[in-house]
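Here are my notes on this one, as promised. Have a look at the model first, then go through the points below.

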Amino acid sequence: MADTATSLMTIIAKVAKRDPSEITPETRIAEELGVKSVGRVEIAALIEDQLGVNLGNFEIRKPKTVGEVIALVESKA
C-alpha cells in the first residue's frame, strides 16, 4: 500500500512538474497542482504503464485529492 502511494505521488508530481516531496495525500489536484483534464489523462496513462492498473478517462476525473487517487487505484489493484 505504501509503495503504491509513493509511486502515485511520484507520477502526479511528474505530471504537475513538482517535486514529489511537495505532494501529500491531502494535496488537491486541480486547485493546488493545477492539473486539469489533459494532465489527468496523462496520470491515468502513467498509472497503467507503471502500475498495471487501468483507469478510464472519466474515472480519473473524479478524485479531488491525491489520497482519493490512491484509494481509487488500490480499489482496482
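Which side chain does Glu 59 meet in a salt bridge?

1. Lys 76 is the partner, with N and O 3.2 Å apart. Keep in mind that this is a predicted model. Glu 59 sits in the loop between α3 (37-51) and α4 (66-76) while Lys 76 belongs to helix α4, so the pair ties together parts that are 17 residues apart in sequence.

2. The salt bridge count comes to 3. One of them joins Arg 28 to Glu 31, where the closest N and O atoms are 3.3 Å apart. Arg 28 is partly exposed at 32%.

3. Glu 22 and Arg 18 also pair through their side chains, at 3.6 Å from N to O. Glu 22 is partly exposed, with a relative accessible area of 44%, and Arg 18 is partly exposed too, with 33%.

4. Now the inside. The largest nonpolar core has 24 residues, and Ile 43, Ile 47, Leu 55 and Val 69 have the most contacts within it. Helices α1 (2-16), α2 (29-33), α3 and α4 each give two or more residues to this core. The largest share comes from α1, with 8 residues. As a reminder, nonpolar side chains in soluble globular proteins tend to be buried together.

5. Setting aside neighbours within four places in sequence, Val 69 contacts Leu 8, Ile 12, Ile 29, Ile 47, Ile 60 and Pro 63. Ile 47 from that list is also among the core residues with the most contacts.

6. Is Thr 27 buried or exposed? Thr 27 is buried, with a relative accessible area of 3%, even though its place is in the loop between α1 and α2. The Thr 27 side chain reaches the backbone nitrogen of Thr 24 at 2.9 Å. Leaving out residues up to four places away in sequence, Thr 27 touches Glu 22, Glu 32, Leu 33, Lys 64, Thr 65 and Val 66. Glu 22, on that list, is the residue that forms the salt bridge with Arg 18.

Methods:
Residues numbered from 1 in each chain as written. Predicted model: local features only at pLDDT ≥ 70, side-chain atom pairs only at ≥ 80, totals over all residues. Heavy atoms only, no water. Salt bridge = Lys/Arg side-chain N within 4 Å of Asp/Glu carboxyl O. Buried < 20%, exposed > 50% of the residue type's maximum accessible area, 1.4 Å probe, protein only. Helix = DSSP H or I, 4+ residues; strand = E, 2+ residues; numbered from the N terminus. Core = buried A, V, L, I, M, F, W, Y, C linked by side-chain atoms within 4.5 Å. Contact = heavy atoms within 4.5 Å. Polar contact = N/O pair within 3.5 Å; in protein donor to acceptor, adjacent residues only side chain to side chain.
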